[in-house]
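Have a look at the sequence and the structure before reading on.

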Amino acid sequence: MNNRMRAALVFSLLLGAVAVHAESGPTDYSAARLYNLANSYARAGKPGMAILNYERASLLSPNDPDVQANLRYVRASAHLPPETPDAFDRVATIASPLWISWIGVLGLAIAGASVIAGQLSSRHRLLRGGATLLGVSMLGLTLCNAMALWPRFHQGVLIAASAPVRVSPVPMGDPLFTLPEGEKVKVTAEHEGFALIETRAGRAGWIAHSNFAPIVPR
Amino acid sequence: MSSRNQSLRLAALGLLAALVAATALADDPLVYATIQPAQILLGESAQFTITNLGDGTNPITMPVVAGLKFEIIGRTREVQLINGTLLPSSSIVMRVTPQIAGIFTIPAVTPKAQPLVLQVNAASSAANVPHPNGRIAPPPPPPPPILSGASIPKGVRLTDDGSAYVRLGIPKREVFVGESVPIEIEVGMRSGFVSSLNGLPKLSDDNFALNNLSHQPERTEKLINGEPFVLLTWRSTLAVIKPGAFPLSAEVPLTVKIRTRPKQQSSLDDRFGDPFWQNLFGATVPKDINVTSPAQELTVHELPAQGRPADFHGAIGTFSIASDVSPTKADVGDPLTLRMRVTGSGNFDRVDSSMLEHFGQWKTYPPKSSFNTSDPLSFSGMKTFEQPVIATKPGVQELPALTFSYFDPNTRHYETARSAPLSVSISPALADSQVAPQAPTTGLPENKYAAGLRPDHVETAATSSLMPLYLQAKFLPVPSIVVLAFAAGWASARRRRGVGEPEPDRIASRTAKRVLGQMQGAARAGDAVLFFDSARTALQSVLAARWQLAPEEITTTEVEGRVGAENDIYELFALADEAKYSGRNLNATDFARWLRVVRRHLVSDKTT
């Protein structure tokens, strides 16, 4: 890789970063703001909204001990079962998604550079092999982070005191069962103001959008 | 002594009174009737008993009541002790089966007795069935009064024997296809002449359909032209099927009693008009007949195509609408109920509305309807449509005026009724709000969630989305640019290296440029020794790489042995030796020639 190619690559990265920053638009979410909002809801006696905002804060700052502690506390106070992340989740969320995004780009650059260096010279094979492995590992971390977070992109939290789950997606549909406030459910489909949800126990039904909120707003 | 005489006198007086009473009963035999129970459902029977206290010589007549069927099921004779007197009695037990629902008056069996009343309720009537908790149903209402002074309705004629008539009442105007037309069928049955009603009235023309004809007609009794008549009145609606002018009449099957004697001889029967006299003389026999009302022409038109509104669903009549919504304050996503009430009279089965469809920032669902009628015909009443609607945006929203189109048969025009617009206040949904809620008021106990919370954080940098950056579209150009840059770099490296080109050749190529530069400098200086020395050194490097030899091993002899003495490389090596050892000079033309030769071998790599 000669000097012109290096310059082109650095210029491209800078251009992309500037483009990302320029298109970021209004800044609405921060881990601290969501955490404080969740605390306010908890103090106001609204566990559903508190859990929702703790979950959102943990997306931006997965290793914040205060967020995790308050989330566990409110869930326990609402008589909801505790959630314990497994080893894969802990490794995959070792950093915030923002950092992991740039780690992935850096890994891509390292792996690419080592491949091109291998084309230009047969020397330093060990160094080039190590660089390639590092780059691929960094890309793999990004992929694992996406796999760990993917289910949470399709989950919602019950924010109503007692939400009826209906057999059909209409307001007049017969209720099947009710869910407690703060329960986390998986959203599998949506139709005309209703969402088809599935509980941790495997029960499914339709719930009005006004009774729950997705963890990642659409 | 005196007291015993007094007792004897009292006993004698009692015996005398009993003898007087017994004599009176013997002189005036008692006939009375009972009915059990006095209130039954249609389909059930009651027991009607006529008891004759006396010697049994008093005639007992079978009562005749239109709508009731009497059947004798038994006769009994017994002796009853009344006031110490043994009196023989005979009874006739009859089963009374109603053919229609209503309140029936059974005539008195003797002129001095009182008539009996039997109330027959329709089987589906829940109002008069026994209450589930065992309470006794309210007593039957008193029998309707007999009205006097009435006459045969205009345009109606009695049957030949004067026993019955049928009147069909229809509107005195032209009607339209699809319209529900209220009609009235009145059957007049002369008391004592009509023994049973054998079916419900029906229309004589198949172009009309009779709706909701009840099994429970309205029953009244009237004196018509001085004769007692029982009037049964059915009210219903007529469904008009196709256009045209049709004669319309109603027909009712009856069983009447036909005289077996000439009318002149039975004038006394008619004068009394009482079944007692008819049965007494045996003057009639039963006969089934169909009584028909005089035909009336009804003109039916098609609905006009001109001016028909797009939302017209076939409603014909006179209607008005009103609307409301509840609640009037809600959050985004909360369902509201929008109601439209259509009130009036007409064919409510065709009253329909889709209410709001795809309206702005509202999510709408198909409405449901319910109908509350104010008459048994379902001709008048109120139809209520309820539509769930959901606001998708916050703010003060206005639901537009609802419309309902119908055809007014009186004005013969399509009309469109409109309701007033409705205003609703919609608040943002709780989940979309970024505003922190109010903390509990000071002084109140804190809730269970607040006690163990960790403190708030200081605000940090914010982002526009909760989605990780690597999944956002705006981030996609960054890895794309990296990939493209490295792909371009890789392709460039491949091109510079050349596919299959050995590495020594690339090095020779770089050396060739330097050597050619030195040769050009030597040629310009006229230094033949330096010129040929540079050329030989360069070619030694190239040939050494190709022949896998060390450059110092590429000598003139080696070149001659490999490429031959005729090759220009060998000639160049020989001239180089000559110039080095003999100091041979070249002119410009020779310099240019040998420069081309060396360039050809070094740059274009055509050496063999």
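pLDDT is the predictor's confidence in each residue, from 0 to 100. This is a predicted model, so local features need pLDDT of at least 70 and side-chain atom pairs count only at pLDDT 80 or more, while totals for chains, interfaces and linings use all residues. Residues are numbered from 1 along each chain as its sequence is written, with chains lettered from A and ligands numbered from 1 in the order in which they are written.

**Confidence**

The model scores ipTM 0.82 and pTM 0.43. Chain B has an average pLDDT of 76, and 76% of its residues score at least 70. Over residues 124–148 of chain B the pLDDT is below 50, and that stretch has 23 contacts beyond near neighbours in sequence. Residues 272–277 of chain B also stay under 50, with 11 contacts beyond four places in sequence. Two residues are in contact here if their C-beta atoms, placed from the backbone, lie within 7 Å.

**Chain A**

Chain A has 7 helices and 7 strands, and going from the N terminus, the order is α-α-α-α-α-α-α-β-β-β-β-β-β-β. Helices (H or I, at least four residues) and strands (E, at least two) are DSSP runs, numbered from the N terminus. Of the 218 residues in chain A, 39% count as buried. Buried means that 20 or more other C-beta atoms lie within 10 Å of the residue's own, with C-beta atoms placed from the backbone; exposed means 12 or fewer, and partly exposed is in between. Among chain A contacts between residues at least 6 apart in sequence, 59% join residues at least 24 apart.

**Strand pairs**

Two strands pair if DSSP finds at least two bridges between them.

| Strand | Partner | Bridges | Direction |
|---|---|---|---|
| E2(A) | E3(A), residues 175–180 | 5 bridges | antiparallel |
| E2(B) | E7(B), residues 116–121 | 3 bridges | parallel |
| E17(B) | E20(B), residues 296–301 | 5 bridges | antiparallel |

**Sheets of chain B**

One open sheet of 3 strands in chain B has the order E2-E7-E6, with mixed pairing. Strands E2 (39–41) and E6 (102–106) of chain B are at the edges with a single partner strand each, so one side of each has no neighbour in the sheet. Gln39(B) is placed opposite Gln119(B) in E7(B).

Another open sheet in chain B has 3 strands in the order E10-E20-E17, again mixed. Its edge strands are E10 (175–176) and E17 (244–248) of chain B, each pairing on one side only. Ala245(B) has Thr299(B) in E20(B) as its bridge partner.

**Cores**

A nonpolar core is a set of buried Ala, Val, Leu, Ile, Met, Phe, Trp, Tyr and Cys residues joined through C-beta atoms within 7 Å. Which members of the largest core touch the most others? Of its 50 residues, they are Ala164(B), Val166(B), Met189(B) and Leu254(B). Strand E16 (residues 227–240) of chain B gives the most to this core, 7 residues. Leaving aside neighbours within four places in sequence, Met189(B) contacts Ala66(B), Ala164(B), Val194(B), Phe229(B), Val230(B) and Leu254(B). A second, separate core has 37 residues, among them Ile51(A), Ala57(A), Val74(A) and Val157(A).
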